[in-house]
Amino acid sequence: MASPVSSTSVRSTSTTDAARARALRTSGRWQPLLVSALAAATLGASGIAFAQDSYPPAVQLLIDRGVSIADSFEAPGGLTGYAGDMQGRPVAFYLTPDGDHIIVGPMLNANGDNLTEPKIQELVQGPLNQKAWAQMGDSAWVLDGSADAPVIVYTFTDPNCPYCHRFRQAAEPWIDAGQVQLRHVMVGILREDSLSKAATILGADDPQAALRDNQQSYNNGGIEVNRERVSANSKRITANNRLMGELGLSATPSTYYKDENGQIQMQQGLPLPEDMRAVMGSAQP
């Protein structure tokens, strides 16, 4: 079980950070991590005795360094592709036909199409997102909008996060139109009083009203902390912090939604205006 996320390891993410946030959704997000594992494997290869198993030694080295293999697949050029995760992040690499060499990085065809990313989505990210969706459904979240709204969007929200605040402003037309219910998984990770504010919102008689209070008074410091609610609900917020860490998330807001094909997608950071249609499931009302 991962330790609770701390304010030193999680940041709120703005539109100006969009390129960095989007990189978390592409194959480039796993390259530095996997390259580090490969370097460690190379340095530590001598003297290692390999057990008899289904993986070639070059692949086993990465497994020994923390890579979990989800599946393998046939790749062009006689290569064998492997997809999995490392420290909660998707990874993919290719084994050469001689079985002795690993190639890290996205594979492109003659048209420049990324052939690796669909495999990451199919074999790793898709199942991870499905699991995350179920975990968030079981977490301590606050409904924002109508419970009858047909589109469900989960987002990790810190009461002190300026970009969570702006995301809620951007989502307002869909919420007010009854098209989207935004489910805020409340976390407390950015400032010293974030957990207290999150617990105050979660423990209110009307959590949705308390959430709205924090949104409307955000520029004046947000919701007033209620110590009784904090005592009763701090463990629930801590559990949400832990869930965020287990999912490998490093920014607020972090948002999960279903695309037009019903596949669960995840975006870290404040969505760009042109992304809102995809996240909300329709054009702005």
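This is a predicted model: local features need pLDDT of at least 70, side-chain atom pairs count only at pLDDT 80 or more; totals for chains, interfaces and linings use all residues.
I take helices (H or I, at least four residues) and strands (E, at least two) as DSSP runs, numbered from the N terminus.

**Entry 1: ground rules**

I number residues from 1 along each chain as its sequence is written, and side-chain values use heavy atoms, with hydrogens and water left out.

**Entry 2: confidence**

I looked up pLDDT, the predictor's confidence in each residue, from 0 to 100. The chain has a mean of 86, with 81% of its residues at 70 or more. Residues 1-9 stay under 50, and the model gives them 16 contacts (heavy atoms within 4.5 Å) beyond four places in sequence. Residues 15-30 are also below 50, with 40 contacts in the model beyond near neighbours in sequence.

**Entry 3: a cis bond**

I checked P253, which sits in the loop between β9 (251-252) and β10. The peptide bond joining T252 and P253 is cis, with omega about -5 degrees. Most peptide bonds are trans, hence the note.

**Entry 4: pocket**

Points are joined across faces, edges and corners, and a volume is the space filled by probe spheres set on them.

The largest pocket comes out at about 250 Å³. I find 13 residues in its lining, with G88, L128, Q135, E246 and L247 nearest the centre. Which helix gives the most to this lining? Helix α4 (residues 116-137) does, with six residues. For classes, Ala, Val, Leu, Ile, Met, Phe, Trp, Tyr, Cys and Pro count as nonpolar, Asp, Glu, Lys and Arg as charged, and the others, Gly among them, as polar. The pocket lining splits into five nonpolar, four polar and four charged residues.

**Entry 5: cavity and T157**

I get one cavity of 30 Å³ or more, and the largest cavity has a volume of about 110 Å³. Its lining has 14 residues, and T157, C164, H165, N214 and Q215 lie nearest the centre. α5 (162-176), β8 (180-186) and α7 (207-216) each supply at least two lining residues. By class I count seven nonpolar, five polar and two charged.

I then followed T157, in strand β7. Is T157 buried or exposed? T157 counts as buried because its relative accessibility is 8%; the cut-offs are under 20% for buried, over 50% for exposed, and partly exposed in between (1.4 Å probe, protein chains only). Leaving out residues up to four places away in sequence, T157 touches C164, H184, V185, M186 and V187.

**Entry 6: cores**

A nonpolar core here is a set of buried Ala, Val, Leu, Ile, Met, Phe, Trp, Tyr and Cys residues joined through side-chain atoms within 4.5 Å. The largest has 31 residues, and M136, F156, Y256 and M280 touch the most other members. α5 gives this core its largest share, six residues. A second, separate core has 13 residues, including V142, L202, A210 and I237.

Back to M280: beyond four places in sequence, M280 touches V151, V153, F167, A171, W174 and V180.

**Entry 7: A283**

A283 is in the segment after α9 and is partly exposed, because its relative accessibility is 37%. Its C-alpha is 8.8 Å from that of W174, although 109 residues separate them along the chain. Beyond four places in sequence, A283 touches W174, Q179 and R277.

**Entry 8**

Why is helix α6 (residues 194-202) largely enclosed by the rest of the structure? Eight of its nine residues are buried, so the helix is largely enclosed. What covers these buried residues includes β6 (141-144), β8, α7 and α8.

From α8 I picked R229, partly exposed because its relative accessible area is 26%. Neighbours within four places aside, R229 contacts A199, T200, G203 and A204. R229 and I201 are 8.3 Å apart, C-alpha to C-alpha, and 28 residues apart in sequence.

Terms used:
On a 1 Å grid over the protein atoms alone, a cavity is a set of points where a 1.4 Å probe fits but cannot get out, and a pocket is an open set with protein on both sides within 12 Å along at least five of seven lines; lining residues have an atom within 4 Å of a point.
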